[in-house]
Amino acid sequence: MTMITTRRTAARLPLISAAVVAIVLGASGCATQGDAATADPATGANYPLTITNCGSDLTIESEPASILTIGTSALSLLDAAGAADRIVARSGEFGAELPAGLSVDLAEVPILDPSDPTTEKIVGAQADVVVGYGLFNSTDEDLAATGVTNIVVDGECSHDAALTGSTDFDAIFADIERLASIFGTQDAAAENVAELRAELDELDADATAGKPQSAAVVYYFSPASTLSARGGQGIANDILARAGLTNVYEAEPSVYLETNVETLLDADPAVIVLAYGLYGEDFETAKALLLSEPGTSDLTAVRNNSVIGVLASDLAPDPDAIRGLRSVIDSTATLSE
């Protein structure tokens, strides 16, 4: 397995075994940097390599050859970074479908655990690194002790627990480039990022004709869960803004938040974007669950038939958010006709 060294601030995590971890000094920042590097003969990438990992420095001693993913954003980001062919196991997808349009067929890659994997399951995958939304049934220390490191999707940071700022499309493109630096796939990533930026520019131009309206992005994590919404820190907020919509939960300093019909009624958005597919449900199933809540018939968006559906995976901090933006622009244009 690839040997990894990592540093966390003492206020957030205790120090772990010096046998597997070394303290890496230097200021944290957004840029990735090689440090006393040796070029990999196959890729030209430099190791050891220090990156920023949700506000902490993470030093990778050699190029990882195999990846366990947690969540679907990791799949899309690694695909755009040119490293999806190194995925040997998947987890944390909770029944969601594979992202559309991947360049690598990941359908046969085994799902180690449909939910949050434990340390034992992660180690059992025999992958060099984990790339995902964060750990909820394991810890960085437990993994480091086994020689596995945890690379967290920049726009997730353990479901926004460690986020220090908002995620927009530029942050997604930067995360693709960060991952490419780890796997030595910068050329493929540069080409993909250029295509994504061009597509985003086209969508921004398409959206300028839209009429400003208020909106909310809401969802159910499961049929038994309470109504949740997207706050001001996530990519969903940037998607709404680019589509000419104002997020009624924009002032909430989080990506995800629990809400209820009462707060939704108070805000009474003109448009409701209902994220679906989180547990494999389709839009009509998700919409039926929303409309079964007492009081939803009084919502302006419901009365005006302005509830639009967007795949939840297209509202995540990864390249699929481009598709999410297109869906919101196209759907709201239909509403105004």
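Predicted model: local features only at pLDDT ≥ 70, side-chain atom pairs only at ≥ 80, totals over all residues.
Residues are numbered from 1 along each chain as its sequence is written, and side-chain values use heavy atoms, with hydrogens and water left out.

Helices and strands are DSSP runs numbered from the N terminus, a helix being H or I with at least four residues and a strand being E with at least two. Helix H5 (residues 169-183) packs with helix H6 (residues 186-207) at an angle of about 170°, their axes lying 9 Å apart; the axes are lines fitted to C-alpha atoms, for helices over the stretch in contact, and the angles run from 0 to 180 degrees between N-to-C directions. H5 is therefore roughly antiparallel to H6, on a scale where angles under 35 degrees count as roughly parallel, over 145 as roughly antiparallel, 65 to 115 as roughly perpendicular and the rest as oblique. With contact taken as heavy atoms within 4.5 Å, Phe169, Asp170, Phe173, Ile176, Glu177, Ala180 and Ser181 of H5 meet Gln186, Ala189, Val193, Leu196, Arg197 and Leu200 of H6. By class, this contact has 8 nonpolar, 2 polar and 3 charged residues, where Ala, Val, Leu, Ile, Met, Phe, Trp, Tyr, Cys and Pro count as nonpolar, Asp, Glu, Lys and Arg as charged, and the others, Gly among them, as polar.

Glu177, which has its place in H5, is partly exposed, with a relative accessible area of 41%; buried means under 20% relative accessible area, exposed over 50%, and partly exposed in between, for a 1.4 Å probe and protein chains only. The C-alpha atoms of Glu177 and Asp187 are separated by 9.6 Å, and these residues are 10 apart along the chain.

Helix H7 (residues 235-242) is mostly covered, with 6 of its 8 residues buried, namely Ile235, Ala236, Asn237, Asp238, Ile239 and Leu240. The elements that cover these buried residues include H5, strand E10 (213-219), strand E14 (271-276) and helix H11 (321-335). Just after H7, Gly244 takes a positive phi of about 85°.

Gly132, in strand E8 (residues 129-132), counts as buried because its relative accessibility is 0%. When residues up to four places away in sequence are not counted, Gly132 touches Ile70, Ala74, Ile151, Val152 and Val153.

Grid points are joined across faces, edges and corners, and a volume is the space filled by probe spheres set on the points. The largest pocket has a volume of about 820 Å³ and is lined by 38 residues, of which Thr72, Phe94, Phe221, Leu278 and Ala312 lie nearest its centre. Strand E13 gives the most to this lining, with 3 residues. The structure also holds 2 cavities of 30 Å³ or more, and the second largest cavity has a volume of about 40 Å³. Among the residues that line the second largest cavity are Gly155, Arg230, Ile235 and Tyr256.

Notes. 1 Å grid on protein atoms, 1.4 Å probe; cavity = no way out; pocket = protein on both sides within 12 Å on 5 of 7 lines; lining within 4 Å.
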